[in-house]
Amino acid sequence: MRAVTWHGRRDVRVDTVPDPAIQDPTDIIVRITSTGICGSDLHLYEVMGPFLDEGDILGHEPMGVVAEVGEQVTEVRPGDRVVIPFTVSCGTCFMCGSGLHSQCETTQVREHGKGAALFGYTKLYGQVPGGQAEYLRVPFGNTLPITVPEGPPDDRFVYLSDVLPAAWQAVEYAAVPPGGSLVVLGLGPIGDMATRIALHRGVEKVIGMDLVPERLERVRARGVTALDVTGHGRHLGDYVREMTGGRGPDAVVDAVGMEAHGSPVGKLAQQLTGLLPDALAARLMETAGADRLNALHSAIELVRRGGTISISGVYSGTADPMPMVTMFDKQIRLRMGQANVHRWVPEILPLLTDADPLGTEDFATHRLPLEAAPEAYEAFQAKKDGMVKTLLQPGRA
């Protein structure tokens, strides 16, 4: 089969690799029809090389059609249409039963002290072959796949793999009170969808911030107050407080993570990881911290006293400097974590089956054949061509 594979910093290719096979009686094989490129895939493209091997298959936002099932699979059958969550979760352990599927005790990567394994995402998270491919082996065939109906296009459902539950959880964790206000930092796929979900759930004032004009225009067209962060300089906080009763927003979603601009020390640390031998680079990332924290520091400044910060953007370092005095003094509540996909599916799926209030069918800016993945990664990383969300579709001309 053909698959998107990692070969080094800013070097992804589409290679011919062995087809996946049933390894466990509860496995299934899925023929992929659509698979997204995620913002966190750019971390692999840019700085996470120490935790990847050449030839690793990328991608964690797939959906498709069941092609083959193991002998103990009873909940799906060949021909069923399914979405595959990005977290590899068993669905039956204590953590899954508690709605914390991203902490699945069956697939936790204990060697690295991490939570549940992830499709297509480094040794730190199990080095499980990913879904930017023609076929994907999926374990836990009775509990992991999300069965979706025939009829609507893939665009309606594919975001159940990551974008929708991640954005839903970000808004849920933000806990905006009735009549309250929410700032979303970063209007990539997760941030953009978070603004849509917040409006759908009745948040009265939603403010989206970014520095890419196309992203700002996308959310503005759906009724979000869009602010270009480059247009207010040091007075951005004062401007936002004026918009929110003088106090600041009730909650802030950080949908940026370690890709934030404006943090020279974090940028230097990220660049160093690309120059050091893998062993030293891995140690730098795990112990010294290699994040650009500008977005998170902005969230801490913007949120009102007693407010909530919800982090959905991915961070990698373990020794990042945090302004604990400010956070304590402002009595900030902080919630974060990988999305617990199955926890939110019962709330999200009904929104996708009859109507499309979140605008999923026009959410993708680009739909490309799998073979175009290298060019798509390059454009997404450079924020070129108005690219916000790309779906790769194996077999597409």
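1. How many cavities of 30 Å³ or more does the count come to? The count comes to one. The model is a predicted one, and the points below should be read with that in mind.

2. The largest cavity has a volume of about 40 Å³. Its lining consists of V212, E214 and R215, together with K383, G386, M387 and V388. By residue class, this lining splits into three nonpolar, one polar and three charged residues.

3. On helix packing, helix 4 (residues 163–174) meets helix 12 (residues 341–348) at an angle of about 90°, and the two axes are 9 Å apart. Angles of 65 to 115 degrees count as roughly perpendicular, and helix 4 and helix 12 are therefore roughly perpendicular to each other.

4. From helix 4, the residues making this contact are L164, P165, W168, Q169, E172 and Y173; from helix 12, they are V341, W344, E347 and I348. The contact of helix 4 with helix 12 comprises seven nonpolar residues, one polar and two charged.

5. On charged pairs, there are 21 salt bridges in the structure. One of the pairs is formed by the side chains of E46 and R10, with an N to O distance of 2.9 Å. E46 belongs to helix 1 (residues 41–46), whereas R10 sits in the loop between strand 1 (2–8) and strand 2 (11–16), so the pair ties together parts that are 36 residues apart in sequence.

Definitions and conventions:
Residues numbered from 1 in each chain as written. Predicted model: local features only at pLDDT ≥ 70, side-chain atom pairs only at ≥ 80, totals over all residues. Heavy atoms only, no water. Axes fitted to C-alpha atoms, helices over the stretch in contact; angles between N-to-C directions. Helix = DSSP H or I, 4+ residues; strand = E, 2+ residues; numbered from the N terminus. Parallel < 35°, antiparallel > 145°, perpendicular 65-115°, else oblique. Contact = heavy atoms within 4.5 Å. Nonpolar A, V, L, I, M, F, W, Y, C, P; charged D, E, K, R; others polar. 1 Å grid on protein atoms, 1.4 Å probe; cavity = no way out; pocket = protein on both sides within 12 Å on 5 of 7 lines; lining within 4 Å. Points joined across faces, edges and corners; volume = space filled by probe spheres on them. Salt bridge = Lys/Arg side-chain N within 4 Å of Asp/Glu carboxyl O.
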